[in-house]
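Let's take a friendly walk through a protein model, one piece at a time. Please keep the structure open beside you as you read.

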Amino acid sequence: MGAVGEAVPHESAALHVTGAALYTDDLGVKMTGLLHAWPLQAPHAHARITRLDTSPALGVPGVVRVLTAGDVPGVNDAGVKGDEPLLMGGHGPSEVMFHGQAVCWVLAESEDAARLGAEAIAAEYEALPSTVTLREAVEQESFQGSRPTLRRGDVAAGLAQAAHVYSGEFECGGQEHFYLETNAALAHIDESGQMFIQSSTQHPSETQEIVSHVLGLPSSAVTVQCLRMGGGFGGKEMQPHGYAAIAALGATLTGRPVRLRLNRTQDLTMTGKRHPYLARWTVGFDDAGKLLALQAELYSDGGWSLDLSEPVLARTLCHIENAYFIPHVRVRGTVCRTHKTSQTAFRGFGGPQGMLIIEDILGRCAPRLGLTAEELRRRNFYAPGQTTPYGQPVKDADRILSIWDTLLISSEYAARQAEIDAFNASHPHRKRGLAVTPVKFGISFNFTSYNQAGALVHVYKDGSVLINHGGTEMGQGLHTKMLQVAATALGVPLSTVRLAPTRTDKVPNTSATAASSGADLNGGAVLDACNQIRARLASVAAGRLGVHPDDVRFGAGRVSALGHPENGLDFAQLVHHAYMERTQLWAAGFYRTPGLHWDREAMQGEPFKYFAYGASVSEVEIDGFTGAYTLRRVDILHDVGDSLSPLIDLGQIEGGFVQGAGWLTLEDLRWDTTDGKGRGRLVTPSASTYKLPSFGEMPEVFNVELLERATETGVVYGSKAVGEPPLMLAISVREALRSAVTAFGPPGRSVELASPATPEAVFWALDAARQANSAPPVAADD
């Protein structure tokens with residue numbers, strides 16, 4: 001196959017570890033006349049600005065200008081829904097919607113001067129009632145956007161015929177992206193009058209569009225480039241647009257380059273997070289433990305504006321059943337409006353919340369049904385021929401059970417469960433738990449139009465190759481895979497292919513690098529461009545080799561006739577001949593994912609190209625005195641099709657799993673919910689107050705395997721997406737904690753566990769389990 005399938009390092013690995021890799025903030029260091037932007041942040045969750053006098057800032061040495069709403073020549077909005085005012089003051093909006101919102105921006109010769117200028121601004125506010133918690137929003141019916149409903153069958157009839165019916169609530173928290181590189185933008189006007197923006201963005205084309213409408217310019221007058229990002233995870237899909245617009249506006253008004261880089265506290269208090277959810281559900285099972293019906297109301301915390309909350313909610317509904325067939329389903333979703341940061345995309349894009357809800361339900365119901373959680377899950381897997389609640393056939397459904405059974409054997413699940421039972425029986429104050437959970441994750445954007453990509457590939461006269469594509473690199477290895485795709489398609493060594501930075505004047509109208517579709521979409525576009533060039537070269541080679549173009553073979557930098565590898569020429573020689581014959585040696589590639597259709601109103605269709613499957617087994621040990629726990633061992637078997645780049649894919653699985661474990665067990669976002677002046681303030685605004693997973697939380701034993709013989713048809717070299725699905729494998733950690741907590745109480749007791757399951761939450765759960773030892777027995781269906 002050539003370079004595809006080789007375990008090559010990340011294309012920028014050496015630059016990363018030596019510190020030589022350049023990021024947006026590095027690019028303006030030596031620019032003449034550079035100005036720095038600093039925000040004035042509002043000190044209220046909800047308030048009306050009664051006075052905003054920016055003149056004192058202009059008296060601070062080094063301050064050049066203060067940007068307010070009156071300075072915007074175009075549309076004063078940074079969102080795609082028209083509900084995100086960019087600036088206040090002047091004749092603009094005066095209502096502050098979350099604690100820390102940027103009211104205006106100061107431009108100065110230095111960052112310190114800009115900060116001091118912001119502190120000098122005279123601003124007064126009239127505090128207004130605020131809605132901070134998700135439950136407050138539900139009680140107040142503070143809703144926004146559409147309220148979609150996923151339906152199949154007759155839920156009332158399904159519950160009526162169920163032998164066992166249970167109801168409950170479940171609430172899961174959000175998650176901070178905490179990318180290493182905070183939001184950053186650098187804007188200047190070049191000699192042609194073009195607005196050129198360097199931006200740390202997952203969606204350069206949308207950044208271009210937002211900047212264009214803020215400045216009142218056509219998109220052709222604005223170019224956005226993303227060299228690389230120091231992490232994104234979805235947090236740079238929508239959120240960077242406004243910061244790029246501020247930098248561009250400042251450059252327009254001053255004629256000088258403007259740099260905007262949020263510090264860590266600003267990034268934490270000003271940008272969106274993963275959506276918290278509240279679910280209220282009723283579920284029915286038959287006597288054999290088979291799911292019959294699920295009815296649920298889901299509420300997501302969208303924050304102060306819509307951002308991407310509607311498509312996030314749609315994906316939650318499309319993943320509410322995870323890997324399980326449920327005949328009767330009725331689930332309605334609602335986006336709540338609260339006075340907090342506008343929550344946004346985060347790895348999995350709502351899918352993790354939906355899958356967590358059903359896994360929590362099964363984990364709580366298994367003891368009531370007299371089954372192990374592992375057996376209850378297995379009995380409900382999709383079978384070949386079945387469809388999802390939204391009507392999509394579950395292709396390769398038998399792969400779920402195959403992965404499950406293979407992993408149980410390779411992880412020695414049964415033997416370890418017996419060892420854990422013995423350990424728990426002899427250790428009253430320490431307990432271990434073991435759990436296995438599956439993943440079925442749909443790959444493609446729910447918004448069908450986004451499933452397209454472009455690429456521009458050049459072959460130079462010396463045989464070297466340059467790729468431009470519309471995807472962005474945030475450390476996930478997309479560029480590495482694109483180099484491998486191009487090298488394989490053209491049959492040249494990987495060392496002869498180079499990749500150019502992503503920019504909107506090379507590949508226009510691109511989709512966000514998101515939804516795990518970066519390699520699928522951009523790989524398809526790169527492959528299309530390379531195939532065009534290869535076909536032209538094959539015609540030239542055929543004339544020199546005396547064969548039909550279909551019988552020309554490319555590989556290892558050589559071009560030869562079918563069956564006669566010794567009779568050929570070097571790729572560079574062929575390219576030279578092709579040039580002399582006036583053959584086009586560049587091509588624009590395009591790819592659109594085939595076979596997709598989606599009715600957003602009816603919540604029906606086939607929105608995904610395929611499903612990625614996987615399963616994980618996790619073992620934990622809990623300290624009964626503190627609730628602290630250790631992740632002893634993790635075993636993962638994951639389906640990436642035929643891997644484009646195995647080393648990259650293994651890293652994505654490991655990293656995604658650890659990030660998921662952080663969301664479910666450590667990362668606890670907290671806002672001030674008191675009625676004082678600080679109401680609505682984020683009280684976890686730093687690494688000292690917000691616990692991220694570190695080496696100490698890594699599993700002591702970490703076994704990750706890629707599913708073999710897993711070719712996916714109709715995609716780039718048989719590969720599957722890998723970015724998001726592994727995050728949901730971490731649900732097994734939470735379920736292992738539930739299993740260990742159960743061991744502190746009487747057998748057969750259902751355990752409720754908060755999310756995130758922090759050590760404190762685990763302690764309160766195990767304390768309740770201990771107290772249940774002295775409580776009267778509970779009926780199975782109670």
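## A hairpin and its partners

His458 has Leu466 of strand S19 as its bridge partner. The two strands involved here are strand S18 (residues 452-459) and S19, which pair in the antiparallel sense over five bridges. Together S18 and S19 make a hairpin, with five residues between them. Look for Gly463 in the turn: its phi is positive, at about 90°. As you explore, keep in mind that this is a predicted model.

S19 also pairs with strand S20 (residues 497-499), this time in the parallel sense and over three bridges. If strand pairing is new to you, strands of a sheet pair through backbone hydrogen bonds, either parallel or antiparallel.

## A strand wrapped on both sides

How many of the five residues of strand S19 (residues 465-469) are buried? The count is five of the five, so S19 is largely enclosed by the rest of the structure. A residue counts as buried when its relative accessible area is under 20%.

You can check this face by face.

## The eight-stranded sheet

Now turn to another part of the model, where eight strands form an open sheet. Their order is S3-S5-S1-S13-S10-S11-S12-S21, and the pairing is mixed. At the edges you will find strand S3 (63-67) and strand S21 (502-503), each of which pairs on one side only.

Strand S10 (residues 184-189) and strand S11 (residues 195-199) run antiparallel and are joined by five bridges. Ala187, for instance, has Ile197 in S11 as its bridge partner.

## Helices lying across the strands

Which strands does helix H3 (residues 111-120) lie across? They are strand S1 (35-41), S3, strand S5 (102-108) and strand S13 (258-261), and H3 runs at about 30° to S1.

Helix H6 (residues 204-215) lies across S11, strand S12 (222-226) and S21. H6 runs at about 145° to S12.

Side chains of opposite charge can pair when their charged atoms come close. The model holds 56 salt bridges. One of them lies within helix H3, where Asp112 and Arg115 are three residues apart, about one turn of the helix. In this salt bridge, the closest N and O atoms are 3.6 Å apart. Asp112 has 48% relative accessibility and so counts as partly exposed, and Arg115, at 28%, also counts as partly exposed.

Other pairs reach across the sequence. Lys236 and Glu181 meet through their side chains in a salt bridge of 3.2 Å, N to O. This pair links distant parts of the chain, with the residues 55 apart: Lys236 is in the loop between S12 and helix H7 (240-254), while Glu181 is in the loop between strand S9 (164-172) and S10. Are these two residues buried or exposed? Lys236 is buried, with a relative accessible area of 0%, and Glu181 counts as buried at 11%.

## A helix-to-helix link and a network

Arg734 and Asp360 form a salt bridge through their side chains, at 3.1 Å from N to O. Arg734 belongs to helix H19 (residues 731-742) and Asp360 to helix H10 (residues 351-365), so this pair links distant parts of the chain, 374 residues apart. Both Arg734 and Asp360 are buried.

Some charged residues are linked in a network of salt bridges, including Glu412, Arg416, Arg430, Arg432 and Glu619. Also in this network are Glu621, Asp623, Arg632, Arg633 and Asp635.

## Stepping back to the whole chain

The secondary structure of the protein chain comes to 20 helices and 30 strands. Of its 782 residues, 61% count as buried. Among contacts between residues at least 6 apart in sequence, 80% join residues at least 24 apart.

What radius of gyration does the protein chain have? The value is 28 Å, which agrees with the figure near 28 Å for a compact globule with 782 residues. Along the principal axes, the C-alpha atoms fill a box of roughly 90 × 80 × 50 Å. The chain exposes about 28,500 Å², and carbon and sulfur atoms supply 53% of that area.

Notes:
Residues are numbered from 1 along each chain as its sequence is written. This is a predicted model: local features need pLDDT of at least 70, side-chain atom pairs count only at pLDDT 80 or more; totals for chains, interfaces and linings use all residues. Side-chain values use heavy atoms; hydrogens and water are left out. Two strands pair if DSSP finds at least two bridges between them. Helices (H or I, at least four residues) and strands (E, at least two) are DSSP runs, numbered from the N terminus. Contact means heavy atoms within 4.5 Å. Axes are lines fitted to C-alpha atoms, for helices over the stretch in contact, and angles run from 0 to 180 degrees between N-to-C directions. The radius of gyration is taken over C-alpha atoms; the globule rule is 2.2 Å times the number of residues to the power 0.38. Buried means under 20% relative accessible area, exposed over 50%, partly exposed in between (1.4 Å probe, protein chains only). Accessible areas come from the Shrake-Rupley method with a 1.4 Å probe; for residues, only the protein chains shown count as cover. A salt bridge is a side-chain nitrogen of Lys or Arg within 4 Å of a carboxyl oxygen of Asp or Glu.
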